[in-house]
Amino acid sequence: MGDLLQRPRVAVHKFSSCDGCQLAFLNLGEDLLSFSQQLDIIFFAEAGMMDTAQDIDIAFVEGSISTAKDAQRIRNIREHSHYLITIGACATAGGLQALRNIAKTDDWVQAIYTNPEHIDTLDKASPIREHVAVDFELWGCPINKQQLIGLINNLSLGALPFEETDKLCMQCKRQQQACVMVTKGSPCMGPLTRTGCGALCPSFGRDCYACYGPAENINGEALARRFEGIGLLPEQIHNRFHAIYSNEAAFQISPIGNKKS
Amino acid sequence: MSFRGFLLRDHFDTLLTALHKLGAHCVGPTVMDDSIHYTTLTSSTQLPQQVHDHQGPGHYRLSTSTESRWFAWANGAQALKPLVFVPQEILWRSERDSEGNLQFSNSKQEPPLTAVIGVRACDLAALALQDQHFLDGLEQDSAYARRRQQLILIAVNCTHPSANCFCHSSGDGPEVKQDYDLLLDELDDGFAVRSASPMGEKICQQLQLEALTNSQQDEIKHANLRAIEQQTKHLPEGNLEQALKNLQGSGRWQQIAERCLSCGNCTAVCPSCFCHSQHDEPAANSMSSAHIRQWDSCFSHGHSYIHGMVIHNETRFRYRQWLTHKFSGWFEQYGRSGCVGCGRCITWCPVGIDVTEELHALAEEYDNV
């Protein structure tokens with residue numbers, strides 16, 4: 001990082017995902033008009049731009065890699081992009097679809113599809129960083145517009161983007177929410193989850209389900225023991241940890257979370 | 001201070017009226033999100049009616065009682081801290097002018113005169129510590145100072161300490177002794193009133209006060225003694241300041257780290273913790289930026305990030321930093337411990353780590369070395 005980007009050329013790519021993170025661009029509202037004067041959007045299928053041949057300054061990538069074709073396509077994108085930024089849980093960590101990594105591919109393909117011979121898939125759904133070098137990762141399911149604004153501005157000015165790694169609890173307490181685990185015994189994932197959402201769920205009195213992924217320096221074992229203490233069964237604890245980020249080592253905790261068992 | 005008189009419960013709203021007449025915005029306890037929460041108060045009907053709190057390590061529940069009192073609980077997660085050292089604020093803004101030069105402007109908001117009703121002795125002790133930190137240094141913190149001078153402090157003596165309270169042991173309560181404008185003692189029919197400032201006097205003059213009887217005064221004395229007796233937690237005897245300095249290599253830190261989530265809840269609810277971080281939030285058009293200060297914690301990685309490395313890269317170092325600073329380092333900096341015995345860090349720790357238990361274990365280890 002460090003180069004000042006004059007009118008950066010931007011692409012937004014999609015792999016296995018729900019399109020929700022791309023919507024963060026379209027949800028920028030007035031700021032989208034402002035960005036459209038500062039950037040050239042070269043490729044953004046959801047918004048209609050489809051020029052694949054050009055070199056790109058900032059490539060945003062949504063979705064995880066699920067097929068051999070995907071794996072080839074992300075390598076091509078990397079070759080044509082100065083910065084490659086993942087947006088959201090799928091591209092950054094495998095996402096919900098990585099839950100299939102826990103099962104055997106043949107088993108679920110046979111069990112689900114009437115014509116399994118049409119299914120052409122890799123054995124796992126994997127994050128972008130397992131295939132090509134990634135310059136920066138935006139966590140979240142989905143990401144929000146504030147993350148995008150901060151990132152694009154910092155990159156345009158040649159500065160490192162600001163990375164949120166603190167626990168959700170920090171933001172929750174800044175907003176003066178009462179802890180739902182302490183007042184209600186709710187199994188809140190906040191103490192393991194990175195902030196960035198504005199402690200949205202606790203602000204409505206419900207427990208965090210970790211949609212922004214693992215924070216730094218977390219202690220999953222201690223939280224799992226606490227969940228046990230407030231009455232959760234091992235399978236319920238397992239499900240709390242294995243929702244969106246089942247593929248992240250930080251959430252694969254023993255004894256309840258070993259995905260290979 | 002001597003008693004100014006007795007305010008009947010039915011006349012409590014005349015206190016709010018008096019404060020509103022002075023132009024003050026009233027803040028007081030209400031039941032919100034299953035806990036006692038301080039918010040804007042316009043009527044005594046918002047006060048907790050027939051409510052008790054039950055606190056334990058990592059545990060807070062409210063229950064209803066038949067008692068007619070409004071302050072029959074210990075505390076909630078907040079103290080005075082969020083009103084003076086606010087959790088998130090814009091310190092200044094920068095803007096690029098038409099010639100491309102940066103212009104800086106202070107973000108000076110004039111805070112309203114704010115009367116806080118229901119302040120406890122522990123809260124006042126913590127406020128005095130925050131004053132020391134933000135006001136008594138070489139440079140005053142102007143954002144803090146502006147809010148601080150607009151506070152009217154209406155204390156209510158604590159008669160229902162929680163199972164996590166140890167303010168008697170820390171020397172900060174439960175009886176309010178100083179630094180208030182008005183002090184109330186709650187009895188069944190109403191409130192005994194004391195005043196300790198010109199502002200307090202001004203408010204008293206607006207109140208319809210009855211004479212206080214001797215038996216009421218006795219009841220107040222007994223309530224305070226009972227509040228002391230009810231406190232079961234206490235700090236270890238002996239020189240904690242020295243003990244903690246000598247225990248930096250203790251194995252206890254790792255034992256705590258196996259339970260600790262490093263989530264920072266203890267520091268956020270601690271009424272004396274003052275750490276903060278700053279960052280900039282640029283607007284989408286790259287033409288302006290806001291410089292933001294927000295609560296930080298010695299449990300975050302940014303707290304010990306210095307020149308390419310995080311010094312406290314493991315939880316045991318972060319917890320050690322917190323405990324050692326609070327109970328040892330503060331003596332050197334501020335002449336006393338940083339703990340006022342409110343017990344919030346015990347209640348609001350999601351995994352229920354009890355600071356008094358850890359201090360006893362460490363003190364014992366020091367005695368045995």
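In the predicted model, the rule finds 20 residue pairs in polar contact across the interface of chain B and chain A, both residues of each pair being at pLDDT 80 or more. On the side of chain B that touches chain A, at least two residues each are supplied by strands β3 (35–40), β5 (59–64), β6 (88–96), β12 (276–282) and β13 (288–295), together with helices α9 (252–259), α10 (265–269) and α11 (315–334) of chain B. The contact draws 46 residues from chain B and 33 residues from chain A. Between them, the two chains bury about 3200 Å², and 51% of this area is on carbon and sulfur atoms.

Two salt bridges are found across the interface of chain B and chain A. In one of these, the side chains of A:E216 and B:R318 meet, with the closest N and O atoms 2.9 Å apart. This pair runs between the chains, from the loop between α9 and α10 of chain A, where A:E216 is placed, to helix α11 of chain B, which holds B:R318. A:E216 has a relative accessibility of 17% and therefore counts as buried, the cut-off for this class being under 20%. B:R318 is likewise classed as buried, at 1% relative accessibility. A further salt bridge joins the side chains of B:D34 and A:K184, with an N to O distance of 3.8 Å.

B:D33 lies in the loop between β2 (25–32) and β3 of chain B. With residues up to four places away in sequence not counted, B:D33 touches A:A178 and A:T183. The relative accessibility of B:D33 is 40%, so this residue counts as partly exposed. In chain A, A:N153 is part of helix α6 (residues 145–156). Its contacts, apart from neighbours within four places in sequence, are with B:P282, B:A283, B:A284 and B:S286. A:N153 is buried, at 0% relative accessibility.

Over all chains, the count of salt bridges by this rule comes to 30. One of them is formed by the side chains of A:D207 and A:R240, at 2.8 Å from N to O. This pair links distant parts of chain A: A:D207 is in the loop between α9 (200–203) and α10 (220–229), whereas A:R240 belongs to helix α11 (residues 234–241), and the two are 33 residues apart. Both A:D207 and A:R240 are buried.

In chain B, a salt bridge of 2.9 Å, N to O, connects the side chains of B:D172 and B:R336. B:D172 is in the loop between α5 (167–170) and β10 (182–186), and B:R336 is in the loop between α11 and α12 (344–347), so that the pair ties together parts of chain B lying 164 residues apart in sequence.

Most residues other than glycine have a negative phi, and most peptide bonds are trans. A:N217, although not a glycine, has a positive phi of about 50°. This residue is in the loop between α9 and α10 of chain A, and its relative accessibility of 21% places A:N217 among partly exposed residues. B:D33, described above for its contacts with chain A, also has a positive phi of about 50° without being a glycine. In chain A, the peptide bond from A:C141 to A:P142 is cis, with omega near 0°; A:P142 is found in the loop between β6 (136–138) and α6. In chain B, B:G173 and B:P174 are joined by a cis peptide bond with omega of about 5°. The loop between α5 and β10 of chain B contains B:P174.

On the surface, A:L96, A:L99 and A:I102 form a nonpolar patch, and their accessible area together is about 230 Å². A:L96 is placed in the loop between α4 (88–93) and α5 (105–112) of chain A. The relative accessible area of A:L96 is 47%, and this residue is therefore partly exposed.

Conventions:
Residues numbered from 1 in each chain as written. Chains lettered and ligands numbered in written order. Predicted model: local features only at pLDDT ≥ 70, side-chain atom pairs only at ≥ 80, totals over all residues. Heavy atoms only, no water. Patch = residues over 30% accessible without salt bridge, like charges linked within 9 Å, V, L, I, M, F, W, Y side chains within 5 Å. Areas by Shrake-Rupley, 256 points an atom, 1.4 Å probe, with all protein chains shown as cover. Salt bridge = Lys/Arg side-chain N within 4 Å of Asp/Glu carboxyl O. Helix = DSSP H or I, 4+ residues; strand = E, 2+ residues; numbered from the N terminus. Buried < 20%, exposed > 50% of the residue type's maximum accessible area, 1.4 Å probe, protein only. Contact = heavy atoms within 4.5 Å. Buried area = accessible area lost by both parts, 1.4 Å probe. Polar contact = N/O pair within 3.5 Å; in protein donor to acceptor, adjacent residues only side chain to side chain.
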